[in-house]
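Dear colleague,

Please find the structure below, handed over for your records. My findings follow directly after it.

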Amino acid sequence: MALTFSLNSFSKIPKPSPPKTQIFSLLTTNPKTHLKFSPVLKPSPLSLFTTRTCNAKPTINPLRKSTIRCLFTGIVEEMGEIKQLGVVDHGGFDLKIHAKTILEDVKLGDSIAVNGTCLTVTEFDTQLNEFTVGLSPETLRKTSLVELEPGSLVNLERAVRPVDRMGGHFVQGHVDGTGEIVSMEVEGDSLWVKVKADKSILQYVVPKGFIAVDGTSLTVVDVCDDGSWFNFMLVAYTQQHVVIPLKKVGQKVNLEVDILGKYVERLLSSMKG
């Protein structure tokens, strides 16, 4: 069976999506300050596919990756909504996302960061404002995408073009690991967020340095090695445009440390040898 393409949309007829699950109830105290959301936490349909067997292929330490296939800035372009996710007929895992800005110049094979995870567009429909990306089992194991379900919101950013401004910092979309939100505190119209992270990630995090949290380029404020945490502050504008304020204490976030720290470490280790 042949598939036809047009300039406006991908002609594959989309399958009916399951009923949308409402997972966020908006609890606003003041529309001019930050927004609070109370998500109903349910097991994700993808969580069944993240357990590795004892015979599984060993994984490579993500902190040692050095090949750059695409580049992002960590400046979120829009928040998309998960429409459908799970196992598909060909045996893989697909994620269908409703978005608008991201689809303005989309092409098959494009790289899009979803909560900071670099994924490849495999299908898109500009009339329905939807696109699909594929997920590998290792991506599900190493990122917080496993917690997603229909209705979840995600940060989206297209890969940087040579003519784009660099508004954030160099982000590869290679998630180094996940952190856990341990506190969220309001100060004026800003929001303090504290994240607990593994020491293997925290060693690359420095005060006033960059870090990508769910694909959002942020400046670290404090780092506590003894407590294994770092924190950052979200101003009112940022709170309105990224998914971090929608999460609750105890939920995971994707973390990617500044690549410059990795290269410095590599250089110093080679000089010692």
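Strand E11 (residues 210–213) pairs with E12 in the antiparallel sense over 4 bridges; strands, like helices, are DSSP runs numbered from the N terminus (E, at least two residues, for strands; H or I, at least four, for helices), and two strands pair if DSSP finds at least two bridges between them. Within this pair, Ile211 stands opposite Leu218 in E12.

The model is predicted: local features need pLDDT of at least 70 and side-chain atom pairs count only at pLDDT 80 or more, while totals for chains, interfaces and linings use all residues. Residues are numbered from 1 along each chain as its sequence is written, and side-chain values use heavy atoms, with hydrogens and water left out.

Both strands belong to an open sheet of 7 strands, in the order E12-E11-E15-E9-E10-E14-E13, with antiparallel pairing. Strand E12 (216–219) and strand E13 (222–224) stand at the edges with a single partner strand each, so one side of each has no neighbour in the sheet.

Elsewhere, Thr132 is found in strand E7 (residues 130–135). Thr132 counts as buried because its relative accessibility is 6% (buried means under 20% relative accessible area, exposed over 50%, partly exposed in between, with a 1.4 Å probe and protein chains only). Beyond its neighbours within four places in sequence, Thr132 is in contact (heavy atoms within 4.5 Å) with residues including Asp94, Lys96, Thr120 and Glu123.

Finally, Leu268 lies in helix H4 (residues 259–272). With 45% relative accessibility, Leu268 counts as partly exposed.
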